[in-house]
Amino acid sequence: MFWEFIQEYEKQLNTVWSAIILAAFLLLRVRLTSFVFRILLKISRNAWNGFFTQLRVSFERPLQLLIAVIGIYVAVYVCPYLNETNALFNHVVRSSVIFSVGWGLYNLSSSSSVLFSKINKKYNIKIDNILIPFFSRALRLIIVAISISVIAQEFNYDINGFVAGLGIGGLAFALAAKDALANLFGGIIIITEKPFTIGDWIKTSSVEGTIEDISFRSTKVRTFAQALVTVPNATLSNEAITNWSKMGKRQITFKLTLMYGAKREQLEGVVKDIQILLKHHDAIHKETILVNVDAYSDNGLEIFLYFFTNTTDWEEYLKVKQEINLSIMAIIEREKLEIAIPSRKLYVEPDLLKEKQADTLIKQES
């Protein structure tokens, strides 16, 4: 009787301890998580920098879940009324651990992660910005697939039948998702040919703006009116794309019309001075500069100008264009010439004018 009392007392005491352990793990999981990361930071000797910050953000909540699972397992192990060797319980615990690890890796593989920049710096591998979102999403897809398959195998689920089922229904799936597949292949074409990358200014028949994001299905373009346009990759890959960000120089071309009163020497002086201006201007590309008297138009003498700026930035381009236009105006004023304004002159014969005046007087008298 005494030993039964002692055993019952021990069971009650262990049950209390089990509840205390579970409560301690649940209440202190945040502090325990911070403690684990402080240890990792000391081990790494503060050398992880941005990657450690990303690692902590990615694994903070999964680690809290993992600590809670450990607390539950220890509490069940201590509690005399529960069996920690139960097969279902062990499957759930191991699946929770797998889920926690997969969750952390899923967060770490986000496109905002500095993992790819670390790889670039350490191994001198050039990863284009356009590839990082695809790498991130592909890596996430692989992590999810592996996590689901491992958890399924943990519960003794045969995933081979599931894979075979996918193979049988693959044709029906492809027919139902042909638009999605077309967009996917369009995204692959954009990646391989790289007509643009994130941050480029592009123009197509359907949209013009700056590339913000590229996914498996679509590309997001921020227009200059600050609207966000989502273009399917299948559409974008079949359009003519003008990438203004890839310009090495920017074109300026126009016609300058002077009045017919200009003398040949004055016209030659204007052409020569404009050529000198463009050749000695630091912002003008020296390779192609064309300044020629082009035509006798209805309004005056046309001078054709064709040249390029070194800068491709829109704001800088407009500043250079303004400087050139003002300098050309100064040259024209120096030669005492005038820019022709579209106009017409009407010549009337004197006899015809007298007849019209006579007719007018007769009408007034009558």
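**Figure 1. Phe224 is an exposed residue of this predicted model, with a relative accessible area of 53%.** Here exposed means over 50% relative accessible area, buried means under 20%, and partly exposed covers the values in between (1.4 Å probe, protein chains only). By that scale Trp201, at 17% relative accessibility, counts as buried. Ring pairs link Phe224, Trp201 and Trp244 into a cluster. As this is a predicted model, local features need pLDDT of at least 70 and side-chain atom pairs count only at pLDDT 80 or more, while totals for chains, interfaces and linings use all residues. Residues are numbered from 1 along each chain as its sequence is written, and side-chain values use heavy atoms, leaving out hydrogens and water.

**Figure 2. Two aromatic pairs, one stacked and one edge-to-face.** A pair of aromatic rings is described by the distance of the centres and the angle of the planes. Rings of Phe, Tyr and Trp (its six-membered ring) pair if their centres lie within 6.5 Å; planes under 30 degrees apart count as stacked, over 60 as edge-to-face and the rest as tilted. A search of the whole structure turns up 7 aromatic pairs. In one of them, the rings of Tyr73 and Phe89 have centres 5.9 Å apart and planes at 10°, so the pair is stacked. This pair links distant parts of the chain, 16 residues apart: Tyr73 belongs to helix H2 (residues 50–78) and Phe89 to helix H3 (residues 87–108). Helices (H or I, at least four residues) and strands (E, at least two) are DSSP runs, numbered from the N terminus. Tyr73 is partly exposed at 31% relative accessibility, whereas Phe89 is buried at 17%. For Trp201 and Phe224 the ring centres are 5.3 Å apart and the planes stand at 90°, so that pair is edge-to-face. Trp201 sits in strand E1 (residues 201–203) and Phe224 in the loop between E3 and E4, 23 residues apart.

**Figure 3. An open sheet of 5 strands in the order E4-E3-E2-E1-E5.** The pairing is antiparallel. Strand E4 (228–232) and strand E5 (242–243) stand at the edges with a single partner strand each, so one side of each is left without a neighbour in the sheet. Two strands pair if DSSP finds at least two bridges between them. Strand E3 (residues 218–222) pairs with E4 over 5 bridges, in the antiparallel sense. To find your place in that pairing, look for Arg222, which stands opposite Leu228 in E4.

**Figure 4. Strand E8 and its antiparallel partners E6 and E7.** Of the 9 residues of E8, 7 are buried, so E8 is largely enclosed by the rest of the structure. E6 and E8 are joined by 9 bridges, and Thr257 stands opposite Glu302 in E8. E7 and E8 are joined by 6 bridges, with Tyr296 opposite Leu301 in E8. A hairpin through 4 residues takes the chain from E7 to E8.

**Figure 5. Ser297, in the loop between strand E7 (290–296) and strand E8 (301–309).** Is Ser297 buried or exposed? With a relative accessible area of 15%, Ser297 is buried. Leaving aside neighbours within four places in sequence, Ser297 is in contact (heavy atoms within 4.5 Å) with Thr257, Tyr260 and Glu302.

**Figure 6. Ile274 and Ile303 in the largest nonpolar core.** A nonpolar core is a set of buried Ala, Val, Leu, Ile, Met, Phe, Trp, Tyr and Cys residues joined through side-chain atoms within 4.5 Å. The largest one has 25 residues, of which Ile274 and Ile303 touch the most other members. Strand E6 (250–258), helix H10 (264–279), E8 and helix H11 (314–334) are the elements that give two or more residues to this core. Not counting residues up to four places away in sequence, Ile274 touches Leu256, Val291, Leu305, Ile328 and Ile331. A second, separate core has 9 residues, including Ile190, Ile202, Val207 and Leu236.
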